[in-house]
Amino acid sequence: MKAFTTHRGLVGPMDRANVDTDMIIPKQFLKSIKRSGFGPNLFDELRYRDEGQPGADCSNRPLKEDFPLNFPRYKGASILLARKNFGCGSSREHAPWALEDYGFNAVIAPSYADIFYNNCFKNGLLPVILTEEQVDVLFKEMEAEEGYQLAIDLPSQTVTTDSGHVFSFELDEFRKDCLLNGLDEIGLTLQNADDIKAYEAERAAQHPWVFGAIK
Amino acid sequence: MAGRTLYDKLWDSHLVKQNSDGSSLIYIDRHVIHEVTSPQAFEGLRLANRKPWRLDTNIATPDHNISTDKSERDAGVAGMTDEVSRIQVQTLDDNCDLYGIKEFKINEMGQGIVHVMGPELGATMPGMTVVCGDSHTATHGALACLAHGIGTSEVEHVLATQCLVAKKMKNMRVTVNGTVGAGVTPKDVVLAIIGKIGTAGGNEHAIEFAGSVFRDMSIEGRMTVCNMAIEAGARVGMVAVDQKTIDYCEGRQFVPKGEMFEQAVVYWNTLTSDADAVFDTEVVLHADDIAPQVTWGTSPEMVSAVTASVPTLDEQPTEEKRKGLERALEYMGLEGGQAIESIKVDRVFIGSCTNSRIEDMRAAAAVAKGRQVASSVKQVLIVPGSQMVKAQAEAEGLDKIFIDAGMDWREPGCSMCLAMNADKLGAGEHCASTSNRNFEGRQGNGGRTHLMSPAMAAAAAVAGHIVDVREFAGGDQ
């Protein structure tokens, strides 16, 4: 998995609450059997004036000019500034795949839906949680300054603005460790194979109906 | 020591290892697989040279992108006209064949929407941990399972290790006491709960639904409620075991028989929250306050009683709410203050993992019987949740009732709930839908979804607009 340590980059906005995963990557793109290539269809219905089709070239599609991420000033954004409950709805990991493929390394929001939040960490995409007030400050600064950048430091768990704000954020120790080191979580779990086998043997003895029925 | 909640018990009994960094390794009993979120997981397994940890834990079926049209379905996977979808279903078949995973293939008896199929085959049983690469996996919690959706990386993780790295959630209890009135269904109860706590209300929590309303509810009704826990932000929704749970499980294909069944029942009967268990969050509603519900906006929390009106901009408490409402009304093509019953519908969809079981089919048929779809309605799709539901409905003659009323009786699948196949709304069309999400574009680019119960959706099909089924039921037949 891709590691995340520190990142400094241009900030782009998604200024609405409850952005759902259907909005992040509409269903027609879930037919792919690949993990990559979803970036051109990120926010497809908000971003383009026509209806996107899987596999179609997006480079000449008509853009919705009022969608902020289409503004020239946000071109190349690598940090998405968002509102609360970002990523609600379906469990599709295509949502973080699309954000990552588009070029985002991190999202900053006051809160996330649980499954989306979890999926981000599997893909080297850091979902930063700041307070609503802090997110408001960042939105105001971003709107006031073209080319607005932020610095995110995972080891110290901080977001730093050029104006001098340093905002701390929380995250679980194990998630931080996996992200910092780009660890293979399956490999880590398999180091516990003996524990898993021991648990399984005990469970099979106590609850035998859980095993063997489906063949 | 304080008592334990149902969730605490399920968590404790699946804990393989508690790590020093606060994470835990949790054992997974049942893994349900479908075509959309699994191909990348199987590919990852192969790239890392790994194999599934266990085979008798997995059960697979195609459901999300398959056609519900009989002539296309009769041609099987090879006859799927959408080439991209065909490759995805073929990939599921190939992966299951390669590893020896039990799959109910496209037209086999047993095939169905993953969350209809699992319980009806007895593949999910009380006390199990159940995961699937689909957020509506909480459905299985109706059988007192610890069930939740996972992403594709975790599908691969479960295939390879039979475990997940997890962090324990908080406990929430949603209590609804009293007796619901006529015409008020499990769908209305869960929509009312979402309306009260909001789409993020259950974030970081596992919800247990408790109180007389859920005790009185059938198991299928409890599935409808648990199914939509995710729409209240909770990955997990559960109802404790009672005699109904045990009666539901007995005799199903993968449920043990004889002595082993008796042994299982002794354990299943322990799957309730202790009387002195403490919940981190308590939510209480009363049955008397719940009328048939309809969503008017673009989030499941944008919901009202059918007798109400669409909210107005000036009654919004915050600027954020005002902006959200303004955007939703614009998308939905509605005016603040407009009566919900004045909303005309262009299409009707009765199906999805929320409402496609036999009781849902019966409820819709009871309204449709002897009536006709309004001439202004372009299409009414009735999509049973599984081959077994379809066969049962046909045995009861429900298909005839629907067809006589001018409705389309289809083949099982997810269909217009997420519109990955050809069943979709056109831009600007309003749909009375028994599915679970009314997000922008969910049922088709520009489509406008109104979530409601099967009886309400059938009534809307006949009336041509949203209508209170309680008054409708007494009308002319």
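This tour moves through a predicted model chain by chain and contact by contact, naming what to select at each stop.

The model is predicted, so local features are reported only at pLDDT of at least 70 and side-chain atom pairs only at pLDDT 80 or more, while totals for chains, interfaces and linings use all residues. Residues are numbered from 1 along each chain as its sequence is written, chains are lettered from A and ligands numbered from 1 in the order in which they are written, and side-chain values use heavy atoms, with hydrogens and water left out.

**Stop 1: chain A as a whole**

Select chain A. Its secondary structure comprises 8 helices and 7 strands; helices (H or I, at least four residues) and strands (E, at least two) are DSSP runs numbered from the N terminus. The C-alpha trace of chain A spans about 65 × 45 × 25 Å along its principal axes. Of the 215 residues in chain A, 58% are buried, where buried denotes under 20% relative accessible area, exposed over 50%, and partly exposed the range in between (1.4 Å probe, protein chains only). Chain A exposes about 8,500 Å², of which carbon and sulfur atoms supply 49%; accessible areas come from the Shrake-Rupley method with a 1.4 Å probe, and for residues only the protein chains shown count as cover. Among contacts in chain A with a separation of 6 or more, residues 24 or more positions apart account for 65%, a contact being heavy atoms within 4.5 Å.

**Stop 2: inside chain A**

Select A:Lys2 and A:Glu100, whose side chains meet in a salt bridge at 2.9 Å, N to O. A salt bridge here is a side-chain nitrogen of Lys or Arg within 4 Å of a carboxyl oxygen of Asp or Glu. A:Lys2 lies in the segment before strand E1 (6–14) of chain A and A:Glu100 in helix H3 (residues 94–102) of chain A, so the pair ties together parts that are 98 residues apart in sequence. A:Lys2 is partly exposed, at a relative accessible area of 35%, and A:Glu100 is also partly exposed, at 28%.

Next, select A:Gln157, in the loop between strand E5 (149–153) and strand E6 (158–161) of chain A. A:Gln157 has a positive phi of about 55°, although it is not a glycine. Is A:Gln157 buried or exposed? A:Gln157 counts as buried because its relative accessibility is 13%.

**Stop 3: the interface**

Display both chains. Here 79 residues of chain B are in contact with 62 residues of chain A. Together the two chains bury about 6,000 Å², 56% of it on carbon and sulfur atoms; this is the accessible area (1.4 Å probe) that two parts lose on being put together, summed over both. Select B:Gln40, B:Trp53 and B:Asn445: they supply 10% of the area that chain B buries against chain A, more than any other three residues.

How many salt bridges are counted between chain B and chain A? The count is 10. One pair is A:Lys122 with B:Glu154, whose closest N and O atoms are 3.7 Å apart. Helix H6 (residues 152–161) of chain B gives the most to the side of chain B that touches chain A, with 7 residues. Another pair is A:Asp184 with B:Arg50, at 2.8 Å between the closest N and O atoms. That pair crosses from the loop between helix H6 (173–181) and helix H7 (185–190) of chain A to the loop between helix H2 (39–47) and strand E4 (58–60) of chain B. A:Asp184 is partly exposed, with a relative accessible area of 39%.

**Stop 4: inside chain B**

Select B:Asp242 and B:Arg222, a salt bridge with its closest N and O atoms 2.6 Å apart. B:Asp242 lies in the loop between strand E11 (236–238) and helix H10 (243–249) of chain B and B:Arg222 in helix H9 (residues 219–227) of chain B, so the pair ties together parts 20 residues apart in sequence. Both B:Asp242 and B:Arg222 are buried.

Move to B:Ala144, in the loop between strand E6 (129–132) and strand E7 (146–149) of chain B. Its phi is positive, about 60°, although B:Ala144 is not a glycine. B:Ala144 counts as buried, at 0% relative accessibility.

Finish at B:Asp399, in helix H15 (residues 398–404) of chain B. At 8% relative accessibility, B:Asp399 counts as buried. Leaving aside its neighbours within four places in sequence, B:Asp399 is in contact with B:Ala393, B:Glu394 and B:Trp409.
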